[in-house]
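Colleague: I have a model open and would like to go through it. Can you put it up?

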Amino acid sequence: MFDYRLKVFHTVASRLSFTKASEELNITQPAVTKHIKEIENQLATRLFERKGTSIQLTAAGEILFEYAEKIRGLYRDLEFEINQFNQEHKGKLIVGASTTVAQYVLPEILATFHSYYKDIKIELITHNTEMISALLKEGKIDVGIIEGESQSSYFEYHPFKADEIVLVAKANHPLARKSMNIKDLHQLDLIFREQGSGTQEYIQNRLKEKGIHIEDLTVIMQLGSSESIKNYLLHSECMAFLSISTVLSELKNNTLSIVDIKNFSIERNFHYILPKGEQSELIRLFLKHLSYN
């Protein structure tokens, strides 16, 4: 029910990119521009201004984005309340999620889902991306939510949340809040996730595209979770690539800091994956909830 033009605006404002919005909405960039122009004409004000190669919200755009967030939430609540009023939902879902998603993205989503559907029991199983894919193939979970990019012909893949992977060090590291060239990675001590991690796979592929191979870097250790890596960084001069979702608290509390790499970024989407074919009503209901978050 969320007005489509407002949805387009909300997506552009969230990503601060017409290109990313067009990819996420699966429409052309000219179509995105057209929707934004229509809203600007209707409100008789500019919503975005260009700063070099990037865009940012105007003061009016900030106000509209604030209200768009509220409207989006109201529509979501309305749909779920009506759906709950008309139908009685009971049952159990087994959700498999890779580590980063399970720890930092899903808890809030699962809590709001439970607030609407208290008779639906959810079991959350956490493993790395490789294992979640294996469990789904074996029918041991109903839906998988992953951070990797390997794809199998057994599944359907659907993006549901944007993410960025950043290079992180402790806040008092000599290079904290500074910029470096990608070739400088060869001079650093690095910590990585274990093989089989979707985040690790994605990092390796993006670095390889820039001619940087993991085997040529100084990898001090591989650890099995983002929490382990963060705590290690606090007590060492090492750096690590981590999802921005995992370090928001540390950045706010100024215990970890992002180290910028010139002309290089690692952006991705978290995906939910399903066996091909018709899905149960409970799975469709859960996926509809995911789409609102």
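Modeller: Tyr67 counts as partly exposed because its relative accessibility is 46%; buried means under 20% relative accessible area, exposed over 50%, and partly exposed in between, with a 1.4 Å probe and protein chains only.

Colleague: What sort of model is this?

Modeller: This is a predicted model, where local features need pLDDT of at least 70, side-chain atom pairs count only at pLDDT 80 or more, and totals for chains, interfaces and linings use all residues. Residues are numbered from 1 along each chain as its sequence is written, and side-chain values use heavy atoms, leaving out hydrogens and water.

Colleague: Back to Tyr67, which helix is it in?

Modeller: Tyr67 lies in helix H4, residues 59-86. Helices (H or I, at least four residues) and strands (E, at least two) are DSSP runs, numbered from the N terminus.

Colleague: New topic. Which residues touch the most other members of the largest nonpolar core?

Modeller: Among them are Leu106, Phe286 and Leu287, in a core of 25 residues. H11 gives the most to this core, with 6 residues. A nonpolar core is a set of buried Ala, Val, Leu, Ile, Met, Phe, Trp, Tyr and Cys residues joined through side-chain atoms within 4.5 Å.

Colleague: What is Leu287 in contact with, leaving aside neighbours within four places in sequence?

Modeller: Val143, Tyr272 and Leu274. Contact means heavy atoms within 4.5 Å.

Colleague: And strand S2, which residues are on its covered face?

Modeller: Ile55 and Leu57 are on the covered face of S2, while Ser54 and Gln56 are on the uncovered one.
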